[in-house]
Amino acid sequence: MIQTPAQEPIRSAAEQVRSALRQSIIEGALTPGTRLIDASVALQHSVSRNTARDGLRLLEAEGLAVSTRNVGYSVRELTVEDIRDLYTARRIIEAGAVRSSVAAPGRLLEELEQAADHTEACVRRGSWTAVGTASLDFHRRVVALGGSESLNTFFVAVAAQLRLAFSVIDDEAAFQLQWVPRDREIAELILGGAREDAVAALDRYLSDSEVSVIDAVRASLRARRADPGADPAVAEDTTDPPVPAELRTTEPDTKEHTA
């Protein structure tokens with residue numbers, strides 16, 4: 001699970017509220033357009049309404065919420081331009097971290113491998129929302145190889161915005177499944193010291209992912225313009241894709257649902 005790095009100081013109750021809401025976004029529990037009512041946030045996190053509003057303002061400053069006069073806050077909906085910007089940042093940060101991984105301590109390399117293992121375990125369970133969260137965590141582990149706490153903290157917000165982008169994809173299972181073996185490929189190249197090959201594999205991964213997400217966002221916007229009152233969940237195909245043989249297990253599948 002992606003978490004706020006232990007080294008990031010939590011200086012106020014409002015920051016704790018912001019961090020908790022951000023984590024809910026990363027886990028897929030809060031989706032674009034969800035209303036964030038200060039009274040409900042205050043009750044959920046046992047803080048005053050003023051503190052809740054301060055937390056929501058911090059969430060907005062991170063690009064994860066928007067405020068509308070006389071309406072209040074809601075979870076942000078990303079545009080195509082937002083997504084392009086996110087992937088530009090990812091290319092710079094993740095490629096730089098891979099190139100710097102020669103100096104990474106063994107502990108961080110072990111955590112990278114464990115993150116790839118965890119993503120594959122989520123696939124075997126058929127926990128598709130968890131697969132998305134685990135894949136984001138894998139890429140956080142890639143960033144951690146760069147040895148910069150500032151970049152680690154920044155990437156948590158990037159990961160949360162990426163989750164918002166992923167949320168418009170109708171068939172999350174099929175979308176997430178295609179990246180799992182590619183995460184493993186990147187991990188094996190890094191662990192084997194083939195850093196430039198890993199950078200090349202990462203660049204292909206990010207280019208393909210960016211195109212897929214942009215296409216999904218455009219399709220979602222087009223569908224909403226055509227039928228503003230339509231509920232996208234009604235037409236969603238919930239059939240799970242076949243799990244690759246190498247990721248299968250005899251354990252019974254389980255489904256994870258988010259509130």
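**Figure 1. Confidence along the predicted chain.** pLDDT is the predictor's confidence in each residue, on a scale from 0 to 100, and a contact is a pair of heavy atoms within 4.5 Å. The model is predicted, so local features need pLDDT of at least 70 and side-chain atom pairs count only at pLDDT 80 or more, whereas totals for chains, interfaces and linings use all residues. Residues are numbered from 1 along each chain as its sequence is written, and side-chain values use heavy atoms, with hydrogens and water left out. Averaged over the protein chain, pLDDT is 86, and 84% of the residues score at least 70. Over residues 3-8 the pLDDT stays under 50, and the model has 13 contacts beyond four places in sequence for this stretch. Residues 249-259 also have a pLDDT below 50, with 18 contacts in the model beyond near neighbours in sequence. Where pLDDT is low, the predicted coordinates should not be read in detail.

Figure 2. Of the 259 residues, 45% are buried, where buried means under 20% relative accessible area, exposed over 50%, and partly exposed in between (1.4 Å probe, protein chains only). Among contacts between residues at least 6 apart in sequence, 74% join residues at least 24 apart.

**Figure 3. Helix α9 and what covers its buried residues.** Helix α9, residues 180-191, has twelve residues and reaches 17 Å from its first C-alpha to its last, close to the 16 Å expected at 1.5 Å a residue, the expected span being 1.5 Å times one less than the number of residues. Its buried residues are Val180, Asp183, Arg184, Ile186, Ala187 and Ile190; they lie on the same side of α9, because they cover an arc of only 160° around the axis, taken from the directions from the helix axis to the C-beta atoms. The cover over these buried residues includes α4 (80-99), α5 (106-125), α6 (128-144), α8 (172-177) and α10 (195-226). Confidence is highest in α9, at a mean of 98, and lowest in α8, at 87. Just after α9, glycine 193 takes a positive phi of about 80°.

**Figure 4. Two loop residues with positive phi.** Most residues other than glycine have a negative phi. Serine 46, in the loop between α2 (38-45) and α3 (49-61), has a positive phi near 55° and is exposed, with a relative accessible area of 69%. Asparagine 70, in the loop between β2 (65-68) and β3 (72-75), has a positive phi near 65° and counts as exposed at 78% relative accessibility.

**Figure 5. The nonpolar cores.** A nonpolar core is a set of buried Ala, Val, Leu, Ile, Met, Phe, Trp, Tyr and Cys residues joined through side-chain atoms within 4.5 Å. In the largest nonpolar core, of 59 residues, Ile25, Leu36, Ile83, Phe138 and Val213 touch the most other members, and α10 gives the most to this core, with ten residues. Apart from this core lies another, of nine residues, among them Cys122, Val123, Ala134 and Val180. Leaving aside neighbours within four places in sequence, isoleucine 25 is in contact with Leu30, Leu59, Leu64, Val75, Ala160, Arg163 and Leu164.

Methods
Helix = DSSP H or I, 4+ residues; strand = E, 2+ residues; numbered from the N terminus.
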